[in-house]
Amino acid sequence: RATGGGRWLPWLGLALLPLAVPPAAAPPGGCPSACYCVATPELVQCRYERLEEPPKELPVTVHNLSIAGSNLSILHPAAFAARPLPDLRLLRLRHDNIQTIEDMALQGLPALRTLDLSHNPLLWVAAGAFAGVPLLRTLQLNQALLAAPLEDQLALALRNLSLQRLELAGNGLRALPAALLPAGLEELDLRNNSLQRLTAAELRILEAPGLRGLRLNLGANPLSCDCALRPFLAWLRATAARVPDARSLRCAAPPPLRGAALLRLRPEGLACTANEGGEPGRLETASYVFFGIVLALIGIVFLMVLYLNRRGIKRWLHNLREACRDQMEGYHYRYEQDADPRRTSAIGTP
């Protein structure tokens with residue numbers, strides 16, 4: 001039996017051998033330890049790993065890279081180019097606390113077509129931040145421009161790109177970001193901002209030769225349906241195909257029109273008030289100003305009349321005072337007569 005039991009010992013040793021040998025390091029081009037690869041190394045996701053910098057060992061064949069919930073804060077030059085990633089087409093960097101993007105931060109990603117920087121508190125974007133990605137066509141900056149006004153910086157950084165889609169949803173924008181609209185842009189997402197209307201000047205920008213094919217998404221904006229909205233309403237009806245969510249646009253003010261569908265409004269039904277700054281409002285303000293000026297002139301004339309007739313007024317006041325004095329003396333005399341006891345006793349004696 002001992003001999004039979006010993007017959008299995010070599011096989012048992014072979015079975016336990018992998019447990020005794022430490023695992024080999026991941027081969028070059030494998031999935032990074034802080035991330036995981038979905039299906040193939042072509043899709044790499046690094047979520048909530050609190051990375052301080054992008055992972056260095058990425059598969060050369062990666063097509064889509066997503067890093068979320070980290071603390072990258074600053075994207076230094078060639079931040080993702082520990083070695084070139086010639087096939088990377090989509091880069092998502094959401095909720096990564098990115099505040100600064102330095103020059104040439106995306107160097108080494110020549111095939112990048114989509115960049116998502118949404119939900120980052122951007123404070124500084126260098127003029128050459130997007131240099132090295134000539135094929136970039138989609139830039140997503142949703143809720144990324146709330147920490148600082150970056151329109152001028154982004155305009156410089158985007159000047160050499162041929163963007164086709166730009167997403168700026170949830171950034172509190174109050175006006176059309178004209179400086180960020182390169183010729184040839186096809187889609188602009190302005191949902192969930194603070195737009196009350198598009199002015200006539202902004203509509204002229206949208207009709208420029210390079211932007212006539214631009215499609216806008218404007219949902220969830222607090223549109224003010226007063227008379228100043230009339231140019232935008234006319235433009236919207238004429239070019240509804242350029243606003244895919246036109247049927248969902250609703251009025252946020254004034255209260256009587258709150259929730260009303262924009263396309264169902266009539267231009268003549270959009271009233272103006274002084275607070276809304278329309279033409280009747282301006283006329284009403286002018287009327288108040290004119291009324292105040294008239295009152296001031298009347299006051300000045302009254303004071304001039306008083307000044308020119310000061311002697312007559314003084315004489316009239318003197319005569320009035322004397323008349324009052326005579327009247328009071330008459331009352332006083334009568335009171336003394338009625339109060340004299342001798343006169344009272346004489347009247348009472350038969």
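Author: Helices, of at least four residues, and strands, of at least two, are taken as DSSP runs and numbered from the N terminus. The model is a predicted one.

Reader: How many helices and strands does the secondary structure of the protein come to?

Author: The protein has 350 residues, and 35% of them count as buried. Among contacts with a separation of 6 or more, 61% join residues 24 or more positions apart. The secondary structure comes to eight helices and 14 strands.

Reader: Which residues does Phe130 touch, not counting residues up to four places away in sequence?

Author: With residues up to four places away in sequence left out, Phe130 touches Leu106, Leu115, Leu117, Val125, Leu139, Leu154, Ala157, Leu158 and Leu161.

Reader: What do the buried residues of helix 5 pack against?

Author: In helix 5 (residues 230-238), the buried residues are Phe232, Leu233, Trp235 and Leu236. They lie on the same side of helix 5, because the arc they cover around the axis is only 165 degrees. These buried residues pack against helix 4 (200-206) and strand 12 (215-217).

Reader: What is the volume of the largest cavity?

Author: Searching the whole structure gives two cavities of 30 Å³ or more. Residues lining the largest cavity include Pro54, Pro55, Lys56, Phe80 and Arg83. The volume of the largest cavity is about 60 Å³.

Reader: Is Asn192 buried, exposed or partly exposed?

Author: Asn192 is found in the loop between strand 11 (187-189) and helix 4. Buried would need under 20% relative accessible area and exposed over 50%. The relative accessible area of Asn192 is 44%, so Asn192 is partly exposed.

Reader: How far apart in space are Asn192 and Ala169, C-alpha to C-alpha?

Author: Not counting residues up to four places away in sequence, Asn192 touches Gly170, Asn171, Gly219, Ala220 and Asn221. Asn192 and Ala169 are 23 residues apart in sequence, and their C-alpha to C-alpha distance is 5.7 Å.

Terms used
Residues are numbered from 1 along each chain as its sequence is written. This is a predicted model: local features need pLDDT of at least 70, side-chain atom pairs count only at pLDDT 80 or more; totals for chains, interfaces and linings use all residues. Side-chain values use heavy atoms; hydrogens and water are left out. Buried means under 20% relative accessible area, exposed over 50%, partly exposed in between (1.4 Å probe, protein chains only). The arc is that of the directions from the helix axis to the C-beta atoms. Contact means heavy atoms within 4.5 Å. On a 1 Å grid over the protein atoms alone, a cavity is a set of points where a 1.4 Å probe fits but cannot get out, and a pocket is an open set with protein on both sides within 12 Å along at least five of seven lines; lining residues have an atom within 4 Å of a point. Grid points are joined across faces, edges and corners, and a volume is the space filled by probe spheres set on the points.
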